[in-house]
Amino acid sequence: MEKENELFGVKEIARRANVSTATVDRVLHNRTGVSEKTKAKINAIIKEMDYQPNILASRLASKKIISLAALLPDVSEETDFWSAPLGGIRRAEAEMRQYGVQVQVFLFDLNNKDSFAGQIRLALEGGFHGMLISPSFIEETRKFAAECARRKIPYVFIDSDIPDLHSLSYIGPHLRKSGYVGAKLLTYRLEAEKKVLIINISKEIDNFNYLEIEDGFRAYFNDNNQPNEIVRIDIRETDYQSVARHLTYVFHLNKDIGAAFVTNSRVHTVASFLKNSHRTHVSLIGYDFVRENVDYLENNVIDFLICHRPDDQGYRGMMALYQTLVVNAPVTKQNYMPIDIVTKENYEFYQN
């Protein structure tokens, strides 16, 4: 019955446009061989009829496999954050499988640029029709984007963005507003004479995301005439001993720090330092609902966690590729996630 309804729809469009059903089929599947004038006429009729093609029947008939690649950091001892986007990708894969869509995941070491480049190389050699990637290293991502453009492979960014690259879509937080929210939370009980510490812990300190988050954070202080001095520290070694060494130095130089803001999920490393150095009176805010962070949230060392639903990021990223490659439908260029605030009182009910 569905096949008959599908055929009837195509025949009706062809009748109204005074063209063959083969011409309508070319337009529906974005194939060449139809003039722009005829294509516009057919698309207008499709819109008027609110025609929805039977995607499943069409995909089964074509027998063409659509293969997608996802490039993500692997779960590590530092954080299990990336298990959430991977879960969203697997959820999307389960829904798309019936339409002949296959997904392959490539995992790289978040602290190893060569690992990232190597996985990109493997993915590009795989002949995939679309890619989802977390752009963790800037220059390597630029090379990846240039190669995708040359091969006409659509790609989606999740969690972080590089705006001047022409990704199909960015799915993640509005970084500047996220930093703004962080500053607002941090000042809720901050005394005017206390300093505020911004902590970037990453091998890629110049990453667009950290700069945008920090810009939003500072903007709140400017917009609201907050008198507090802001001190910034960049820590490129991500192990605990290195972080503790840097923080010991900055706290020695600035004995009146009253609050700290960590621009990524490594806030638990700072929390561990504050606990070990008996500085838990310092207000602390960071990112992401991961096990290590929740432990310190529960024990009042971390005040707030800001979360951006990484499971949904992975899911929506894959569905954006599906919309483009299977449904031939437009996708939103910038798909901003909610900015969730998790506390000791509500973390038990939070769905990442």
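Predicted model: local features only at pLDDT ≥ 70, side-chain atom pairs only at ≥ 80, totals over all residues.
Tutor: Numbering runs from 1 along each chain as its sequence is written, and side-chain values use heavy atoms, without hydrogens or water.

Student: Is E292 buried or exposed?

Tutor: E292 is buried, at 11% relative accessible area (buried is under 20%, exposed over 50%, partly exposed in between, with a 1.4 Å probe and protein chains only).

Student: What else does E292 touch?

Tutor: Beyond four places in sequence, E292 touches E77, E78, T79, D80 and H268 (contact is heavy atoms within 4.5 Å).

Student: Switching to rings: how many aromatic pairs are there?

Tutor: The whole structure has 16. Phe, Tyr and Trp rings (six-membered for Trp) pair with centres within 6.5 Å; planes under 30 degrees apart are stacked, over 60 edge-to-face, the rest tilted. Take Y220 and F221: their planes sit at 85 degrees with centres 6.3 Å apart, so this pair is edge-to-face.

Student: How buried are Y220 and F221?

Tutor: Y220 has a relative accessible area of 10% and F221 has 4%, so Y220 is buried and F221 is too.

Student: And how do F261 and Y287 pair?

Tutor: Edge-to-face as well, because their planes are at 65 degrees, with centres 5.9 Å apart. Both F261 and Y287 are buried.

Student: Which residues do ring pairs link into a cluster?

Tutor: Y180, F217, Y220, F221, F261 and Y287 are linked that way.

Student: Now the core: which residues have the most contacts inside the largest one?

Tutor: M131, F144, Y155, F217 and F261 do, in a nonpolar core of 40 residues. Such a core is a set of buried Ala, Val, Leu, Ile, Met, Phe, Trp, Tyr and Cys joined through side-chain atoms within 4.5 Å.

Student: What is F144 in contact with?

Tutor: Setting aside neighbours within four places in sequence, F144 contacts I120, L124, M131, I133 and Y155.

Student: What's in the second core?

Tutor: That separate core has 32 residues, among them V231, A244, C307 and V342.
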